[in-house]
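I opened this notebook to keep track of what I looked up about the pockets, taking them one after the other.

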Amino acid sequence: KELAKKAVNPEKVFERAAQDAVRFSLDEVIGENKWVVIDQPQISLNSDDRIFKYHARLTIFPEVKLPEYKKIAEELVKAMKEKIATLTITEKEIDDSLKWLQDTRVKGADGERLEINDEFARKLGNFKDLVDLKKSLREGVLAEKKERERQKTLIEILDEIAKETVVDIPQVMVKRYSEGNKLGSEEAEKKVKAHLVVYKIAETEHLEPTEKEVEEEVQKNQWQLKRSGIDENKFYDYIYERIQQHKVYAKLLNTNSN
């Protein structure tokens, strides 16, 4: 015993024993409560000779209480469809598109422009004549307008859902997002809340990406991984989140309240 006392540093033994005791007991409590801890626990020891005690301050993933998000989405999508049904394409828009095409096909060093006629249309691709080209342009411009309306409506839906969502966002999440994206705290908090809304809808609707979906998308975007030089696991998480977002967006734009 005397030799052991001389050979062993009591403080280091206590420190190691305390670390193990904290780790094992905290893991048990976290598991029982199904908490997701998002920051390093803050530990303070409060022990005496008879008993080992400590206090732990944990930052856990927040509870997100969504409003009736399907109803919100349904009302805004209905308004979007009504607006899309009234979209028109003016002759000026077609003419502007033709002039843009003409400007992209300037001939020679003197900047001579091709005349807009049937021959011009045929040179552009699989078009019979100018009428056929104009028809294609009309369809393309209309498709762009519809897509803009869909994107605008999606932003409105997410904003309205976020406004009515109840969540206590941990400041550590805001700080990390603010520092990682060089945003002010107010803007960062808004973005974090939007991410939490998407996450919760995905969880509620079971819209989690499959491993196969993520792997296929990772393979398609290998060039992006190589160019960015980021960690492969982080890139996997990024792809996972992107697929999940797209699934949620599609659900919101095609949802019903039933």
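How many nonpolar, polar and charged residues does the lining of the largest pocket have? I kept in mind from the start that I was working with a predicted model, and sorting the lining of the largest pocket by class gave me 12 nonpolar, three polar and five charged residues.

Entry on the largest pocket. I noted a volume of about 910 Å³ for the largest pocket. I then looked up its lining, which is made of 20 residues, and wrote down Y177, H195, D237, Y238 and E241 as the closest to the centre. Turning to the elements, I found that α7 (171-181), α8 (185-205) and α11 (232-253) are those that give two or more residues to this lining. The largest share comes from α11, which I recorded as supplying nine residues.

Entry on the second largest pocket. Here I noted about 510 Å³ of space. I listed 19 lining residues for the second largest pocket, and the closest to its centre are L158, D159, K190, K191 and A194. How do these lining residues divide by class? I counted eight nonpolar, three polar and eight charged residues in the lining of the second largest pocket.

Entry on where that lining comes from. I found that α6 (130-164), α8 and α11 each supply at least two residues of the lining of the second largest pocket. Which element gives the largest share of it? I wrote down α8, with nine residues.

Terms used: Residues numbered from 1 in each chain as written. Predicted model: local features only at pLDDT ≥ 70, side-chain atom pairs only at ≥ 80, totals over all residues. Heavy atoms only, no water. 1 Å grid on protein atoms, 1.4 Å probe; cavity = no way out; pocket = protein on both sides within 12 Å on 5 of 7 lines; lining within 4 Å. Points joined across faces, edges and corners; volume = space filled by probe spheres on them. Helix = DSSP H or I, 4+ residues; strand = E, 2+ residues; numbered from the N terminus. Nonpolar A, V, L, I, M, F, W, Y, C, P; charged D, E, K, R; others polar.
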